[in-house]
Amino acid sequence: MSTQLERGAARPVLEDVGPGVEWFSVGLRVLIGWVFLSAGLGKLLGGFTAQGYLANVDPASPLSGLYGAMAASPTVIAVVDVAVPVGQVMIGLGLITGTLLRLAAFFGALQATAFYFGNWDMSGAYEVLMGFATSELIYVAVFLAVAAMAAGRTYGLDASIERYEVDGEPLVEKYPRLRYVLG
């Protein structure tokens, strides 16, 4: 294992901890991808509408006013009713296949954050202590971890996309900003 010196102390470098981390990142990526893919497909096939959810957000939520305004707008509901399930399917597919992984993880974290504030329940001392770390917040952490580990490069299509050559040059070298969405 390589070490990196920082103020005289040696510490392990994350990228050198071995293949176990790569396999863990693949498993984590596929697992959270499956959760979102199945949730999205369930909504697409089950007659989903966000109107009731948005209209009944706890008034204590910092975003309750925004969610209430969204629920009151038929146009916004029509957009959300398509964007949420289609977004979940796309996020799930991106994670499972390791395609545009960081982009998928970003939108997954964004959607999980919106659900976190929508499922707000901080009405009492117990809820404040226990309600802070909800499944939605855990999803946000997993999405950020998967993106940070560049989990799409291990048994994912992002590795092939990064090596794809344009004018004899690898895609990510020709267009370095793609590194922000691939990984």
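Let's start with where helix α5 meets helix α7. On the α5 side, the residues in contact are Leu101, Arg102, Ala105, Gly108, Ala109, Ala112, Thr113, Phe115 and Tyr116. On the α7 side, they are Glu136, Leu137, Tyr139, Val140, Phe143, Leu144, Val146, Ala147 and Ala148. Sorted by class, this contact has 14 nonpolar residues, two polar and two charged. Keep in mind that this is a predicted model.

Now the geometry. Two packed helices are described by the angle between their axes and the distance between the axes. Helix α7 covers residues 135-148, and its axis comes within 8 Å of the axis of α5, at a crossing angle of roughly 165°. Angles over 145 degrees count as roughly antiparallel, so α5 is roughly antiparallel to α7. The crossing of α5 and α7 is left-handed.

Next, the other partner of α5. Helix α4, residues 74-97, packs against α5, residues 101-118, with the axes 9 Å apart and an angle of about 140°. The crossing of α4 and α5 is left-handed.

Who makes this contact? From α4 we have Ala83, Val84, Gln88, Ile91, Gly94 and Leu95. From α5 we have Leu101, Ala104, Ala105, Phe107, Gly108, Gln111 and Phe115. By class, that is nine nonpolar residues, four polar and no charged ones.

One last point about α5. Leu101, Ala105, Gly108 and Phe115 are in the contact with α4, and they are also in the contact with α7.

Technical notes: Residues numbered from 1 in each chain as written. Predicted model: local features only at pLDDT ≥ 70, side-chain atom pairs only at ≥ 80, totals over all residues. Heavy atoms only, no water. Axes fitted to C-alpha atoms, helices over the stretch in contact; angles between N-to-C directions. Helix = DSSP H or I, 4+ residues; strand = E, 2+ residues; numbered from the N terminus. Left-handed = near helix turned anticlockwise from the far one by under 90°. Contact = heavy atoms within 4.5 Å. Nonpolar A, V, L, I, M, F, W, Y, C, P; charged D, E, K, R; others polar. Parallel < 35°, antiparallel > 145°, perpendicular 65-115°, else oblique.
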